[in-house]
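Dear colleague,

I am handing over the structure below, together with an account of what was found in it. Please read the notes with the model open beside them.

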Amino acid sequence: MDLLELMKCRRSIRKYQQRQVELADLQKVMEAGAYAPNAGGGQRSILLAIRNPALVETVGQLNLRRFDRTRLAGSYVSREQPSNIDDPSIKSGFYGAPTVVAVFSQKNFLYGVPDAFCCAENMVLEATALGLASCIVARGEETFDNDEGRALLQAWGIPENYIARCFVLLGYCDGKYPQGKPRRADRLKIVE
């Protein structure tokens, strides 16, 4: 499958089987993140994979702890793959994914956020190529901004001048893989 076709078939999955991602596949996904474009070639992002189910659940709950619905641009995501926007009863921002990769960047680096999301995009594309389901989840900054979160960062050896920007959920889709939404034609413009 060529790259554009891969991009067209990738979906944000929020229903996962409990089957763990193979370590070799996780390493390939993380390698794809390491090869993402980054400002000045600085390679500043840190990628940290979490495979322990209890720890994934704990961090996923921290991710939703300060979720603020008033900052949303819409109130609906998907019937097939509901998000916490659609279903307030969801208590983990990681939706039961067996593996999560946290993407960190330097706190005060101008290009830290774009660098992190470039890593995340590379990772979800590689995950799709490997037959894995994935989803990029934001709210990284808020996830560890509490005593429990700071203790985890210290235990993991994340430098104090780094902050989580996003997470990449990885696993296997539970149920039917969703179809893509039609693209709005008014989004593409060319000026000559």
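Two strands are taken to pair if DSSP finds at least two bridges between them. Helices (H or I, at least four residues) and strands (E, at least two) are DSSP runs, numbered from the N terminus. With those terms in place, Thr99 stands opposite Leu170 in S4.

Before the rest, a word on the source. This is a predicted model, in which local features need pLDDT of at least 70 and side-chain atom pairs count only at pLDDT 80 or more, whereas totals for chains, interfaces and linings use all residues. Residues are numbered from 1 along each chain as its sequence is written, and side-chain values use heavy atoms, with hydrogens and water left out.

The sheet

Four strands make up an open sheet, whose order is S1-S2-S4-S3 and whose pairing is antiparallel. Its edge strands are S1 (46–50) and S3 (133–137), each of which pairs on one side only. From one strand to the next the twist averages 25°; here and below, axes are lines fitted to C-alpha atoms, for helices over the stretch in contact, and angles run from 0 to 180 degrees between N-to-C directions.

Strand S2 (residues 99–106) and strand S4 (residues 162–171) run antiparallel and are joined by eight bridges. Along this pairing, Val100 stands opposite Leu169 of S4, and Val101 has Val168 of S4 as its bridge partner.

As for burial (buried means under 20% relative accessible area, exposed over 50%, and partly exposed in between, with a 1.4 Å probe and protein chains only), S2 is mostly covered, seven of its eight residues being buried. In S4, 10 of the 10 residues are buried, so this strand is largely enclosed by the rest of the structure.

Helices on the sheet

Helix H2 (residues 23–34) lies across S1, S2 and S4, and runs at about 160° to S1. Helix H4 (residues 112–129) packs on the sheet as well, touching S1, S2, S3 and S4, and its direction makes about 10° with that of S4. Contact, here and in what follows, means heavy atoms within 4.5 Å.

The H3 and H6 pair

Two packed helices are described by the angle between their axes and the distance between the axes. Helix H3 (residues 53–65) and helix H6 (residues 147–156) pack at an angle of about 135°, and their axes are 11 Å apart. That angle makes H3 oblique to H6, on a scale where angles under 35 degrees count as roughly parallel, over 145 as roughly antiparallel, 65 to 115 as roughly perpendicular and the rest as oblique. The residues that make the contact are Leu55, Thr58, Val59, Leu62 and Arg65 of H3 and Glu148, Gly149, Leu152 and Trp156 of H6.

Leu152, found in helix H6, is buried, with a relative accessible area of 15%. Not counting residues up to four places away in sequence, Leu152 touches Leu55, Val59, Leu62 and Phe144. The C-alpha atoms of Leu152 and Arg51 are separated by 14 Å, the two residues being 101 residues apart along the chain.

Individual residues

Ser134 lies in strand S3, where its bridge partner in S4 is Leu170. Ser134 is buried, with a relative accessible area of 1%. Leaving aside its neighbours within four places in sequence, Ser134 is in contact with Arg10, Arg11, Ser12, Ile13, Tyr16, Val124, Ala127, Leu169 and Leu170.

Gln43, in the loop between H2 and S1, has a positive phi of about 50° although it is not a glycine, and at 62% relative accessibility Gln43 counts as exposed. Arg139, in the loop between S3 and helix H5 (140–143), has a positive phi of about 65°, again without being a glycine, but Arg139 is buried, with a relative accessible area of 18%.

With best regards
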